Amino acid sequence: MGKQKEAGGFRSFVGGGFGGVCCVISGQPFDTIKVRMQNQTGGALYKGTLDCVTKTVKNEGFFALYKGMAAPLVGVVPIFAVNFLGYSHGKSLQLMNNPQQTLSPLQHGLAGSIGGLYMTILIAPGERIKCLLQIQTTGKAQYSGPMDVIKQTYKQSGIRGIMRGTAITAVRDMPASGCYFAAYEATKCYFRQKTGSDDLSFFHVLVAGGFAGWANWAWGIAPDVVKTRYQTAPEGKYKSALSVVPELYKSEGIRGFFKGLAPIALRAWPANACCMLGYELALKAMNYVVPLEEY
């Protein structure tokens with residue numbers, strides 16, 4: 001994949017949406033296990049990641065790993081598309097005075113943080129719906145699906161209930177998105193230097209996407225645990241997401257903030273490798289139809 005001019009907003013929007021679909025389909029089972037691990041309180045239901053997978057499949061069937069996928073899959077196109085759109089805008093702002101300059105990985109990271117801000121308003125309600133569906137295990141389900149979650153939550157606490165966790169989502173996603181794009185570009189720069197060519201293979205893109213996913217969650221894991229606890233807690237249990245922190249630390253110590261790290265690490269590589277490969281392939285396809293001038 002040759003080095004091209006920075007993709008504009010429209011191309012980034014479309015490419016990001018397609019990459020997001022690839023990400024959700026490949027990563028949903030890991031995400032379900034992560035949420036169940038993080039939501040354990042008191043007596044642990046699962047001994048570890050493998051035990052969680054085994055019990056989930058045994059008790060509820062294989063497709064239980066894909067519970068709650070409808071909400072992120074329906075929302076993934078605008079969420080990822082807006083993230084990459086914000087990333088594109090962040091790059092454009094830095095290229096205003098010198099359009100021909102090559103942005104450094106750090107500059108890509110700053111642009112990525114803008115993308116994280118863009119997508120927060122969209123991702124927060126989707127995450128709330130997804131988490132409430134994912135913590136349902138056996139027995140009679142409280143919610144029949146995403147629309148039922150919206151209906152019941154809105155009836156109980158209005159739009160604020162649906163948007164619950166927006167601030168902590170921003171705390172997670174803005175820096176995490178910056179780390180994501182910085183790591184992706186840094187890895188690609190490394191491969192370009194090693195190969196002496198700007199034309200990177202699909203393998204290089206997959207590896208760069210995998211490292212980007214790990215960098216994203218290196219920051220995002222602790223805020224994500226807090227977000228999950230806050231978004232799935234009964235109404236009124238916590239005044240804010242910050243109220244989760246002292247209680248979690250007191251009951252489980254510092255390790256409590258890293259619950260679900262194993263499934264996250266397992267998911268981050270293939271899901272984000274697929275995401276960035278999908279993104280690059282989408283840009284390549286659009287470039288084939290309407291070529292962008294190469295450097």
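This is a predicted model: local features need pLDDT of at least 70, side-chain atom pairs count only at pLDDT 80 or more; totals for chains, interfaces and linings use all residues.
Residues are numbered from 1 along each chain as its sequence is written, and side-chain values use heavy atoms, with hydrogens and water left out.

So, how many salt bridges are there? Taking a salt bridge as a side-chain nitrogen of Lys or Arg within 4 Å of a carboxyl oxygen of Asp or Glu, the count is 16.

Let's start with Lys 130 and Asp 31, whose side chains meet at 2.8 Å, N to O. Lys 130 belongs to helix α4 (residues 105–134) and Asp 31 to helix α1 (residues 9–38), so this pair ties together parts that are 99 residues apart in sequence. Helices here are DSSP runs (H or I, at least four residues), numbered from the N terminus. Lys 130 and Asp 31 are both buried, meaning under 20% relative accessible area with a 1.4 Å probe, protein chains only; exposed is over 50%, and partly exposed lies in between.

Next, Glu 127 and Arg 172 form a salt bridge at 3.1 Å, N to O. Glu 127 sits in helix α4 and Arg 172 in helix α6 (residues 166–195), 45 residues apart. These two residues are buried as well.

Now look at Glu 252 and Arg 229, with their closest N and O atoms 2.7 Å apart. Here helix α8 (residues 244–252) holds Glu 252, and helix α7 (residues 202–232) holds Arg 229. Is Arg 229 buried or exposed? Its relative accessibility is 7%, so Arg 229 counts as buried, while Glu 252, at 27%, is partly exposed.

Finally, shared partners join several salt bridges into one network, whose members include Asp 31, Glu 127, Lys 130 and Arg 172.

Technical notes
Helices (H or I, at least four residues) and strands (E, at least two) are DSSP runs, numbered from the N terminus.
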